[in-house]
Amino acid sequence: MTPSRLLTTVSIAEAITWAFLLVAMGCKYLWAPELGDTLVAWAGAAHGTVFLSYLFAGVVISAHYRWPLWAVVFGGLSSIPPFVTLVFDWWMHRKGMLAGGWD
């Protein structure tokens, strides 16, 4: 798996778990609180795991490509708002900062 593919995969997984968590919170607070409690626990655990995986993959990839500090900071901050990891991944591909494979 190339660094580019790794970042794309983890970005998509992070966005999916964000969506799952948002749906679970909606279920808890709007529709079915009993079911929502269970869903939020599962979704929170899944999202937390993928969130940390995204950050770890970002650090490894940024060290490999020797990204400037601004790119590392934006990569980390992109994991906080929902679905922004997809925008960051697209942007890094567009800037050519994910070209090539592992050395």
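Visitor: Which way do helix 3 and helix 4 cross, left-handed or right-handed?

Guide: The crossing of helix 3 and helix 4 is left-handed: the near helix is turned anticlockwise from the far one by less than a right angle, whereas clockwise would be right-handed. Helices here are DSSP runs (H or I, at least four residues), numbered from the N terminus. Before we go on, this is a predicted model, where local features need pLDDT of at least 70, side-chain atom pairs count only at pLDDT 80 or more, and totals for chains, interfaces and linings use all residues. Residues are numbered from 1 along each chain as its sequence is written, and side-chain values use heavy atoms, leaving out hydrogens and water.

Visitor: How do the axes of helix 3 and helix 4 meet?

Guide: Two packed helices are described by the angle between their axes and the distance between the axes. For helix 3 and helix 4, the axes come within 10 Å and cross at roughly 155°. The axes are lines fitted to C-alpha atoms over the stretch in contact, with angles from 0 to 180 degrees between N-to-C directions. Helix 3 and helix 4 are therefore roughly antiparallel (over 145 degrees; under 35 is roughly parallel, 65 to 115 roughly perpendicular, the rest oblique).

Visitor: What about helix 1 and helix 4?

Guide: Their axes come within 8 Å and cross at roughly 160°. That makes helix 1 roughly antiparallel to helix 4, and helix 1 passes helix 4 in a left-handed crossing.

Visitor: Is Trp18 buried or exposed?

Guide: Trp18, which lies in helix 1, is buried, with a relative accessible area of 14%. Buried means under 20%, exposed over 50%, and partly exposed in between (1.4 Å probe, protein chains only). Phe83, in the loop between helix 3 (69–77) and helix 4 (84–95), is partly exposed at 35%. Trp18 and Phe83 are 65 residues apart in sequence and 7.2 Å apart in space, C-alpha to C-alpha.

Visitor: Which residues make the nonpolar surface patch?

Guide: Among them are Phe83, Leu86, Ile12 and Trp31, in a patch of about 950 Å². Helix 1 (residues 3–31) gives the most, with 7 residues. Patch residues have over 30% relative accessible area and no salt bridge; nonpolar side chains (Val, Leu, Ile, Met, Phe, Trp, Tyr) are joined within 5 Å, like charges within 9 Å. Areas come from the Shrake-Rupley method with a 1.4 Å probe; for residues, only the protein chains shown count as cover.

Visitor: Which residue forms a salt bridge with Lys28?

Guide: Side chains of opposite charge can pair when their charged atoms come close. Lys28 pairs with Asp37, the closest N and O atoms being 3.5 Å apart (the rule wants a side-chain nitrogen of Lys or Arg within 4 Å of a carboxyl oxygen of Asp or Glu). The count comes to 1 salt bridge. Lys28 is partly exposed at 25%, and Asp37 is partly exposed at 44%.

Terms used:
Helix = DSSP H or I, 4+ residues; strand = E, 2+ residues; numbered from the N terminus.
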